[in-house]
Amino acid sequence: MTLELKNVSRTFVSEDNQTMEALSDISLSVENEEFICILGPSGCGKTTLLRIIAGLESASSGSITLDGAAITRPSPKMAMIFQEYSLYPWRTVEENVTLGMELRGVKKAERSAAAGKYLDLVGLSGFGKRHPHELSGGMRQRVAVARALAIEPSILLMDEPFGALDAQTRNRMQHELLRIWDKTKKTILFVTHSVDEAVFLADRIVVLTQRPGRIKEIVRIPGPHPRDRTGEEFGQIRRHLLEMIREESDPIQ
Amino acid sequence: MPILLIIGWEVAAIIVNNPFFLPKLETVIPVLLSPFSDILGTGSLVENALVSIERVVLGFALAAAVAIPLGIGMGRFAVLNDFFDTTIELIRPVPPLAWVPLALAWFKIGIVSIVFIIFIGAVFPILLNTVDGVRGVKNTWVEVSTTLGASERQILTKVILPGAAPTIWTGLRVGFGISWMCVVAAEILPGPTSGLGYLIMYAYNLGQINVIIAGIIVIGLIGLVVDQGFRAVEKRWFGWRGLER
């Protein structure tokens, strides 16, 4: 798997014909099984970047290629996990997880087996017949992860997936994600505005500038997972990143 | 509450003591208890009720068949919405019964004009609720399906329709209520020779107030039973509404 972004830019044109540049000249090559966090101040276009990679939006210029093929629409090699409200409330957990297979016409029995496997992987065995509203926020995001894994993508695109969770659940989910990553060997692109989260999870952190988002710096985080959040090295990297984010943040906000 | 109403009615009927104004309970109940026997030569309660129900079902089904697909289109595509919206808002405030003369001119006296009136009454609540329901489908739900590889058709059947279904159902429920009112009103007007509305109007002409009240009770009961049916389905299938997170 090779994902290549070359000079990706995105310009929005508003109704009164004003142009607004959201992303400018983003180039990045993602290695196999790498965990990349995209970090930046709010409004820097990090979600837009992820959506372009996912094929939900298109770049104004530049190219994105996955294994040499240009991405112009969603590819089965990539699965996206949204911040929240992404589960279908009328479907059971199992029916949510296997939607991708259902769309491809996989038989029911096979789908059930797969649901069991992926729910087990995210630590939700036995919850298949429940409905989303019966689950906590953290459990719902586990279901979303299982649903993404069930289409067997090589890349997971995650858009602030733990942003709506409380701090403790968020920590737990970060550990869980590392465990799942280790087990499934996926490549992960993870958008966040939390420096802490990025340093804890990533192999490399892509720091974006304020709008229009450009790559300010790519920070490689040394050391194996899981990392010690209270360690000295962790603290230094955090300080460096916080410094950068502060420079980029709108002083009014 | 219904029991209080019945007691109050009986007491009032005894005080008034005029069967042509307010008949006593014991003159109404026999009519209700023999639903299969002929009333005043117009057929039985059940026969007339079935005629009314048949008309409602026809008009209502027609309204749903037009309103749901149109509503989905309007909810999904701004172009369609812009095209139809003004026209709909112009026609919608006109009471269904105002169409009666036109219906008679177009379709003559008979089932077609009654079905037309019912159609007019039911089509707008179903349409507006469908549009609302489709617009209320969360964009994330559509995008999740897109990233999982859904085709346009699959997005419609797996996301838009189930996501909008509770609101569409509310539209059907409201629409049916209005259909039922329309059929009775349309049958009271000159022309029809059967149906519950015709029966109570005919009873009025013969001064049979007890039959009128029996007819009104049957009309109310049928409306109630159907509405309970709608609610039961709502509870069973659409209980997730308001719980989405």
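Residues are numbered from 1 along each chain as its sequence is written, and chains are lettered from A and ligands numbered from 1 in the order in which they are written. Because the model is predicted, local features need pLDDT of at least 70 and side-chain atom pairs count only at pLDDT 80 or more, while totals for chains, interfaces and linings use all residues.

**Sheets of chain A**

Helices (H or I, at least four residues) and strands (E, at least two) are DSSP runs, numbered from the N terminus. Two strands pair if DSSP finds at least two bridges between them.

One open sheet in chain A has four strands in the order β2-β1-β4-β5, with antiparallel pairing. Its edges are β2 (19-30) and β5, each with a single partner strand, so one side of each has no neighbour in the sheet. Strand β1 (residues 3-13) is joined to β4 (residues 61-66) by five bridges, and β4(A) to β5 (residues 69-70) by two. The hairpin of β4(A) and β5(A) has two residues between the strands, and A:Asp67 in this hairpin takes a positive phi near 50 degrees. Helix α1 (residues 46-54) of chain A lies across β1, β2 and β4, at about 60 degrees to β2(A). Such angles run from 0 to 180 degrees between N-to-C directions, with axes being lines fitted to C-alpha atoms, for helices over the stretch in contact.

A second open sheet in chain A has six strands in the order β6-β7-β8-β3-β9-β10, and the pairing is mixed. Here the edge strands are β6 (78-81) and β10 (215-220), each pairing on one side only. From one strand to the next the twist averages 15 degrees. Strand β9 (residues 204-208) runs antiparallel to β10(A), and five bridges join them.

| Residue | Bridge partner | Strand of the partner |
|---|---|---|
| A:Leu5 | A:Ile64 | β4(A) |
| A:Thr65 | A:Ala70 | β5(A) |
| A:Leu66 | A:Ala69 | β5(A) |
| A:Val206 | A:Ile218 | β10(A) |

**Backbone exceptions in chain A**

Most residues other than glycine have a negative phi, and most peptide bonds are trans. A:Tyr85 has a positive phi of about 55 degrees and is placed in the loop between β6 and α2 (93-97) of chain A. Phi of A:Glu160 is also positive, near 40 degrees; this residue lies in the loop between β7 (155-159) and α6 (167-184) of chain A.

A residue is buried if 20 or more other C-beta atoms lie within 10 Å of its own, exposed if 12 or fewer, and partly exposed in between, with C-beta atoms placed from the backbone. A:Tyr85 counts as partly exposed because it has 16 C-beta neighbours inside 10 Å. A:Glu160 counts as partly exposed with 19.

A cis peptide bond, with omega about -5 degrees, joins A:Arg211 and A:Pro212. A:Pro212 is in the loop between β9 and β10 of chain A.

**Chain B**

Chain B has 10 helices and zero strands. Its C-alpha trace spans about 75 × 45 × 30 Å along the principal axes. Of its 245 residues, 40% count as buried. Two residues are in contact if their C-beta atoms, placed from the backbone, lie within 7 Å. Among the contacts in chain B with a separation of 6 or more, 69% are between residues 24 or more positions apart.

The axes of helix α3 (residues 45-76) and helix α9 (residues 196-205) of chain B come within 7 Å and cross at roughly 135 degrees. That makes α3(B) oblique to α9(B), given that angles under 35 degrees count as roughly parallel, over 145 as roughly antiparallel, 65 to 115 as roughly perpendicular and the rest as oblique. B:Asn48, B:Ala49 and B:Ser52 in α3(B) meet B:Leu196, B:Gly197 and B:Leu199 in α9(B).

Leaving out residues up to four places away in sequence, B:Ile117 touches B:Pro96, B:Trp99, B:Val100, B:Ala103, B:Cys182 and B:Ala186.
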